[in-house]
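Biologist: Hi! Could you walk me through this one, starting with the overall layout and then the details?

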Amino acid sequence: MTPDRRAEDLKLVAEAILLAVKLGGTRAAVGAYWMLRIAALAPVSGLPKILTPDGSVEWALQQIPLKRERAIAESETRRDEHLNAGEGFYAPVGGEVTLTGEVAFSGLQDVELILSALPWVCSHVKDKGIEREIRSWLEIQGDL
């Protein structure tokens, strides 16, 4: 595959991700996760800004649904619920689990998904402000 062909293919992938997020076909966090992964693997010239490390991180950070303080608070609530849960909290062992309706993903899960992809591009980011923002999120990742 030639570099030009690879760049065209990656542009198409980025457009598909952006469209899927815009139309609601996928959660913004899933789009951000994949955009970051692709940017980490795509050191090809001629790519749109969103596929550069700086551009993908900038866009991904805009997709984070919670502020840092809120993410930490929700994480503490989730931890407390887990630690203090009764038997009804857990799926029955050996029994059937029936999900009613669509599975919902919390904002905290979306934060965790995006944060999981940031390290792949962090070392390639050139803008110091974006790098500081990445580091400030990654500092709290262990608390979530």
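Biologist: What should I know about the numbers before we start?

Modeller: This is a predicted model, so to speak of local features we need pLDDT of at least 70, and side-chain atom pairs count only at pLDDT 80 or more, while totals for chains, interfaces and linings use all residues. Residues are numbered from 1 along each chain as its sequence is written, and side-chain values use heavy atoms, with hydrogens and water left out.

Biologist: Great. How many helices and strands are there in the chain?

Modeller: The secondary structure comes to six helices and zero strands, and the pattern along the sequence reads α-α-α-α-α-α. Helices (H or I, at least four residues) and strands (E, at least two) are DSSP runs, numbered from the N terminus.

Biologist: And what share of the chain is buried?

Modeller: Buried residues make up 33% of the 144 residues. Buried means under 20% relative accessible area, exposed over 50%, and partly exposed in between (1.4 Å probe, protein chains only). The chain exposes about 9,300 Å², with carbon and sulfur atoms supplying 54% of it; accessible areas come from the Shrake-Rupley method with a 1.4 Å probe, and for residues only the protein chains shown count as cover.

Biologist: How much of the contact count comes from residues 24 or more positions apart?

Modeller: They account for 73% of the contacts in the chain with a separation of 6 or more, where contact means heavy atoms within 4.5 Å.

Biologist: Ok, the core. Which residues have the most contacts inside the largest one?

Modeller: Those are L36, L51, V57, V111, L118 and W137, in a nonpolar core of 37 residues. A nonpolar core is a set of buried Ala, Val, Leu, Ile, Met, Phe, Trp, Tyr and Cys residues joined through side-chain atoms within 4.5 Å. At least two residues each come from α1 (3-22), α2 (28-41), α3 (53-63), α5 (107-122) and α6 (128-141). The largest share, eight residues, is from α5.

Biologist: What does L118 touch, then?

Modeller: Not counting residues up to four places away in sequence, L118 touches L36, V57, L61, I134, W137 and L138.

Biologist: And S56, is that buried or exposed?

Modeller: S56, which has its place in helix α3, counts as buried because its relative accessibility is 0%. Leaving out residues up to four places away in sequence, S56 touches M35, L36, A39, K49, I50 and V121.

Biologist: Switching to α1: what length should that helix have?

Modeller: At 1.5 Å a residue, the 20 residues of α1 should span 28 Å, and its end C-alpha atoms are 28 Å apart, which agrees. The expected span is 1.5 Å times one less than the number of residues.

Biologist: Which residues of α1 are buried?

Modeller: A7, L10, A14, I17 and V21 are buried. They are on the same side of α1, because they cover an arc of only 85° around the axis, the arc being that of the directions from the helix axis to the C-beta atoms. On the other side of α1, D4, L12, E15 and K22 are exposed. The buried residues pack against α2 and α3.

Biologist: What is A14 in contact with?

Modeller: Leaving aside neighbours within four places in sequence, A14 is in contact with M35, I50 and L51. A14 counts as buried, at 3% relative accessibility.

Biologist: Last topic: how many aromatic pairs does a search find?

Modeller: Two in the whole structure. Rings of Phe, Tyr and Trp (its six-membered ring) pair if their centres lie within 6.5 Å; planes under 30 degrees apart count as stacked, over 60 as edge-to-face and the rest as tilted. Y33 and W34 have ring centres 5.2 Å apart and planes at 90°, so that pair is edge-to-face. Y33 and W120 also form an edge-to-face pair, at 5.7 Å centre to centre and 65° between the planes.

Biologist: Where in the chain do Y33 and W120 sit?

Modeller: Y33 is in helix α2 and W120 in helix α5, 87 residues apart, so this pair links distant parts of the chain. Y33, W34 and W120 form one aromatic cluster. Y33 counts as buried at 16% relative accessibility, while W120 counts as partly exposed at 34%.
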